[in-house]
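Visitor: Please take me through one part of this model in close detail. I would like its residues and its packing in one connected account.

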Amino acid sequence: MPEHEQFGVRAEADGPASRTGRVPPQASAEEAPGVDPAPEEGRPPGRAAPAGAESGSTDVDAAVAWPDLMLPLLRTPTTDRPLVTGEPGADDLGPAEVAAVLDLALLVGELMLACGEAAEDVEAAMLAVAQAYRAQPCDPQVTFTRVAISYQQGPSEPPVTVERSVRHPAGDYARLAVLFRLVTEITIGGLVVDDAHRRVRAVRRHCRRYPSWLLVLSSGLLAGAATLLVGGRADARAWLVFVSAVAAALAGDRLSALVGRHDLPEFYRIATAATPAAVIGILLSFNGLHLRGSVVITGGLYTLLPGWPMVAAAQDGLAGFYLTAAARLLETLYLMAGVVVGVMTVLYIGVNNGADLAAQPVPVAASNPPLQLVAALLLTLAFAVLLNTEPGTLPAVLLNSGVGWTTYGVLVNAGGGPIMATGLAAGLVGLSGQLMARYRGSSSLPYVTAALGPLLPGSLLYFGLLAFVRGEPEIGLGGVGRATATAMAVAIGVNLGREVARLFLPAPGVAAASGRRGGRHRR
């Protein structure tokens, strides 16, 4: 289905969740949970204020601190975590307060997962919220369509577990940025639970940054920019191909919306959206102008081929979330199947009737560097708009994309392998995206995802499908294999950039906190 609809958040407002009633906590605004500048000796871990508030640092420092503090804690093996011992104290949360905090953490996790955040980062946010309000020890669990959190106040107390289902998680980076800042405000002790609940529910209702007509136009511009990026030409024929790809993408968008009105599964919507690009590409090949219909098809399908979901699946697998990674990969396969069904029939008809479709992938080297750089930036801009990225973030995203594509072009033209060049460029994009996010106190996804758009293996997937249509299964398998390897290179590069930033550029107060706890974060 078209990107501007695929990236909408459709999480269940009050879905199948095991929830208890929410009662406002007894702490006042002046005594907000999580603010404890002088914790008493013997108080259980996590009752102290977050690192940012404790050291008097800025909000940006706190935004960097809570992910860096929570991730090592989540990665600590369960057997290495201390058992909960001791009798309940006077400052323990009551049942109503626990229910309110768990409900808030669950709602934050639900929305972050629905907005496209990685499973590990969703767990980190849920754990940060729970610790800020002293609801610990707790254990967040996230899968592809489910968020849950468990809490046990003491060894003799029954555990409390709540969960929610999340339908169709996708990318909505304006909501994600607001949620990230809200978690930061919670961790530095700026909100009581009731206020935080109201803020989170307001995020669910109001965060769309762009009008519908601009989203539709961005879908067409994304396809057109892909033709310039893939073709590397700027003559009259190339511009005709550009216009044709834009028209095909817009037609696919409208057809998909028409099918969606009947509540058909996503498979049929994406199959319908894929057909106009194939039809127009075939028609352009039946003329004497030597127009490259394959470039039209590649550009028209660039918004449909699941390059980024494949990268997201690889990233979750690298983080150890194998169930979520498998679910994302299965979703990718079904989306690819929808593209295949939508394109294969048209391609069979065209190829069997003499359509001139290129059988080889387009050049991997930069055949026209200035034009392709502009096309990469245009593709990134359209992709960022479709992802509902905040307008103030767009310049940084474009800068990151230009750095990544330039690195890729230089490496390939210098004789490096395309997969190796993609991995190194993705690593640089991931590292610079982390630095930008730390400077702005935000999630790194808005700075990284759209910037990786020009590096995604959309054209490789198309040429693999075309080889199958032409009766060349060996070449087709090779193309799909190269596309998979490219997606893995992008995922590993982004993940490595993130870990380098976390290990060698720790947030203020994180290193000190690690030293005080013997190098191991505990619940």
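Guide: Start with A177, which is found in helix α6. The model is predicted. A177 is buried, at a relative accessible area of 3%. That value counts as buried because the cut-off is under 20%. What does A177 touch, leaving aside its neighbours within four places in sequence? A177 is in contact with E390 and S442. T389 also belongs in this picture. A177 and T389 are 212 residues apart in sequence. In space, their C-alpha atoms are 8.6 Å apart.

Now move along the helix. Helix α6 covers residues 173–187, and T184 is found in it. Is T184 buried or exposed? T184 is buried, with a relative accessible area of 4%. Its side chain has a polar partner. A polar contact joins the side chains of T184 and W66, at 3.1 Å.

Next, the packing of the helix. Helix α4, residues 95–114, packs with α6. The two axes are 10 Å apart, and the angle is about 155°. The pair is therefore roughly antiparallel, since angles over 145 degrees count as such. The crossing of α4 and α6 is left-handed. Which residues make the contact between α4 and α6? From α4 come L104, V108, L111 and M112. From α6 come L176, L179, V183 and I186. By type, the residues of this contact divide into 8 nonpolar, no polar and no charged.

Helix α8 spans residues 212–231, and helix α14 spans residues 369–386. Their axes come within 8 Å. They cross at roughly 155°. So α8 and α14 are roughly antiparallel to each other. In passing α14, α8 makes a left-handed crossing. On the α8 side, the contact is made by L214, L215, S218, S219, L221, L222, A225, A226, L228 and L229. On the α14 side, the residues are L371, Q372, A375, A376, L378, L379, A382, V385 and L386. How do the residues of the contact of α8 with α14 divide by type? They comprise 16 nonpolar, 3 polar and no charged.

A177 is in contact with E390 and S442. T184 has its side-chain polar contact with W66. L176, L179, V183 and I186 are the α6 residues in the contact with α4.

Terms used:
Residues numbered from 1 in each chain as written. Predicted model: local features only at pLDDT ≥ 70, side-chain atom pairs only at ≥ 80, totals over all residues. Heavy atoms only, no water. Helix = DSSP H or I, 4+ residues; strand = E, 2+ residues; numbered from the N terminus. Buried < 20%, exposed > 50% of the residue type's maximum accessible area, 1.4 Å probe, protein only. Polar contact = N/O pair within 3.5 Å; in protein donor to acceptor, adjacent residues only side chain to side chain. Contact = heavy atoms within 4.5 Å. Axes fitted to C-alpha atoms, helices over the stretch in contact; angles between N-to-C directions. Parallel < 35°, antiparallel > 145°, perpendicular 65-115°, else oblique. Left-handed = near helix turned anticlockwise from the far one by under 90°. Nonpolar A, V, L, I, M, F, W, Y, C, P; charged D, E, K, R; others polar.
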